[in-house]
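I opened my notebook to get to know a new protein model. Have a look at it with me, and then follow my entries.

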Amino acid sequence: MCGVVAVIGKQNASQLVVEGLKKLEYRGYDSAGIASASCGKLQTLKSEGKLINLINNLNQISNAKLYSDPLIAIGHTRWATHGNISLENAHPLTSENKVAVVHNGIIENYETIKNKLISEGYVFKSQTDTEVLPHLFMKYIKLGNNFLQAGRLVLKDVKGAFAFIAMSLDFPNELFVSRNSSPLAIGLGDKSNFVGSDAHSIDHLTQKIIYLEDGDHALVKLDGVDIFNEYEEKVNRKIINIKAEIGLITKGGYKHFMEKEIFEQPSVIPQTISTYINSDSRIKINLNKLGFKNKNTLLILAAGTSYYAAMVGKYWIEHIADLPVIIDLASEYRYRKPSVFGQSAMLVISQSGESLDTLMALRHGKELGLSTNAIVNVEGSTIDREADFSLYTKAGSEIGVASTKSFTSQLVVLFIIAIALGEKFNNLKPNQIKKYCNYIHILPSAIAQMLNMENEIKLIAQKIKNAQSIIFLGRGLLYPLALEGALKLKEISYIHAEGFAAGEMKHGPIALIEDHVPVIMFLVSDGNEDKAISNLQEAYSRGAQIILIADKNCIQKASFAHFKIEIPNFETDFKSFLSPFLMAIPAQLLAYHIANERGTDVDQPRNLAKSVTVE
Ligand code: F6R
């Protein structure tokens with residue numbers, strides 16, 4: 001993870017870098033730092049914790065001029081991998097106070113390099129893998145190499161997935177940058193240039209962006225940028241014009257971004273819907289572009305919440321399109337030799353479009369000859385650019401680390417894909433298509449009705465906020481929601497939570513039940529509800545505190561539940577088919593209110609980052 005940013009050729013370079021870092025905090029917030037050069041001196045400033053600490057430090061420095069004058073500065077926001085969270089391990093890492101480097105990714109062979117450098121007299125001050133980079137630069141510069149040559153020698157030494165920016169007092173008008181599997185964008189200005197982990201981090205400075213490709217390195221100067229591929233051949237990469245987002249996204253009166261994003265769902269989902277369905281219920285997804293010419297098995301890969309969306313997608317596609325679907329965790333798929341028998345296309349799902357596990361899985365699928373498709377929220381992200389074809393979720397920027405609106409918009413796209421596949425391969429009749437499309441159109445108001453249940457959910461949150469462990473149960477389409485409910489809860493409240501398929505409880509997990517353990521079940525009448533209620537009864541009999549979030553019929557049947565939240569009255573078929581959308585809301589609200597009650601950092605929970613760019 002980690003975010004890197006750099007400015008060259010503009011007054012107040014440090015301040016401009018800090019502006020960029022504000023937009024990169026989603027990549028990590030364990031520590032932050034900047035380095036700048038002016039009057040032949042390298043200045044670094046670092047702070048532990050969130051960026052605001054660095055900003056406060058910067059504001060307090062009496063000799064603020066030191067930081068307002070430089071024309072060159074680099075900055076970093078960290079998600080710790082090697083070395084604990086400390087000032088020493090915060091970036092920029094330096095060598096002999098002449099070279100400074102900011103880095104995102106992992107240098108896999110750093111230990112060997114570090115031992116060699118130590119034997120050559122270099123002194124290491126941090127436990128990071130990154131620190132080998134400034135020392136290697138220093139070593140090659142001392143041997144008489146210019147910055148470009150030194151950088152190339154460094155690249156020959158290091159292995160891993162990384163994006164880094166280096167500056168040196170010996171070359172005060174140049175930045176050396178390189179990318180290998182981690183994203184890096186270069187922005188072009190007027191006698192000034194910029195670098196950032198994503199385009200958004202520099203869109204306050206320019207709208208002309210070049211994305212480096214894997215293996216590229218570049219010398220970024222005041223008056224131009226020279227880009228080279230892995231064979232050191234000079235290359236031209238496409239210049240893209242991006243639209244700058246106006247200002248920073250605000251919480252709009254909500255206490256947290258997560259809360260705001262939960263409540264945005266009724267207004268965001270219509271954008272996703274209108275992208276893929278015409279007003280006359282015609283689906284605008286071109287299956288041929290998705291690589292679906294024949295009736296083959298579809299492979300879906302993703303991580304975390306996006307993986308749970310894939311699980312729901314599998315149920316829908318198999319049911320509506322009668323098409324086999326294989327799903328896998330992206331991080332597992334990449335490191336085995338999967339059979340592609342009967343497969344022609346893969347679909348990866350990623351909100352950020354940057355999850356390295358998912359990107360690597362996509363590349364693996366490509367190598368295996370599959371056509372590659374992506375459902376992404378961030379247009380222009382690495383996965384978007386590398387996939388043969390992308391479908392955008394159009395959820396808008398999601399700032400809270402916990403995925404909420406991006407999950408439900410991924411579900412919308414998956415449901416529409418299921419209908420499109422059903423039409424092509426399962427003889428879905430126009431009236432059925434129309435019925436499904438109507439369901440989709442009802443969704444925003446159905447979600448708004450579910451949001452009205454907030455107060456009841458808040459009361460439950462207050463009752464169970466001190467639990468040591470919470471169990472979520474679901475069956476069928478709501479099994480993935482049990483997993484999602486548990487993930488949401490653990491990541492922001494730090495309460496241990498597990499999700500299980502209700503029928504699996506008796507095969508082992510029921511041993512976890514003891515007096516007062518909260519067991520939360522999401523349930524709608526779908527013809528199989530009696531089985532789920534029996535599973536719930538088994539937990540009740542062993543002392544669990546039962547919380548049932550369900551429709552009227554199920555609530556009546558499971559009258560033994562300690563707390564019952566009745567969802568609004570929806571048409572039976574709609575409710576059973578689209579229950580994942582409905583239950584996503586209580587799952588999100590419950591996690592949010594429990595975390596809020598416990599006073600955790602809801603938007604930036606410990607140890608996490610919004611974009612997971614390490615394996
Ligand atoms: C959970 C969450 C994560 C992400 C996962 C994949 O709330 O946000 O589990 O879903 O890291 O991220 P993307 O979708 O960006 O690939």
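**Entry 1**

I began with α17, where Lys531 and Ser541 are exposed on one side. I kept in mind that the model is predicted. Next I looked up the buried residues of α17, and they are Glu529, Ala532, Ile533, Asn535, Leu536 and Ala539. These cover an arc of only 155° around the axis, so they sit on the same side of α17. I reminded myself of the background: an α-helix has 3.6 residues a turn, so residues three or four places apart point the same way.

What do the buried residues of α17 pack against? I found strands β21 (469-474), β23 (518-523) and β24 (545-550), along with helix α18 (552-557).

I also checked the length of α17, which runs over residues 529-541. Its 13 residues should span 18 Å at 1.5 Å a residue, and the end C-alpha atoms are 18 Å apart, which agrees. After α17 comes Gly543, and I noted its positive phi, near 100°.

**Entry 2: domains and an interface**

I then looked up the domain assignment, which gives domain 1 (3-241), domain 2 (251-449) and domain 3 (452-603). How many residues of domain 2 are in contact with domain 3? I read off 39, and they touch 32 residues of domain 3. The two domains bury about 3200 Å² between them, with 69% of it on carbon and sulfur atoms. Tyr308, Tyr439 and Gln449 supply 20% of the area that domain 2 buries against domain 3, more than any other three residues.

Last, I looked for salt bridges across this interface of domain 2 and domain 3, and the rule finds one.

Methods. Residues numbered from 1 in each chain as written. Predicted model: local features only at pLDDT ≥ 70, side-chain atom pairs only at ≥ 80, totals over all residues. Heavy atoms only, no water. Helix = DSSP H or I, 4+ residues; strand = E, 2+ residues; numbered from the N terminus. Expected span 1.5 Å × (residues − 1). Buried < 20%, exposed > 50% of the residue type's maximum accessible area, 1.4 Å probe, protein only. Arc of directions from axis to C-beta. Contact = heavy atoms within 4.5 Å. Domains from an automatic or database assignment. Buried area = accessible area lost by both parts, 1.4 Å probe. Salt bridge = Lys/Arg side-chain N within 4 Å of Asp/Glu carboxyl O.
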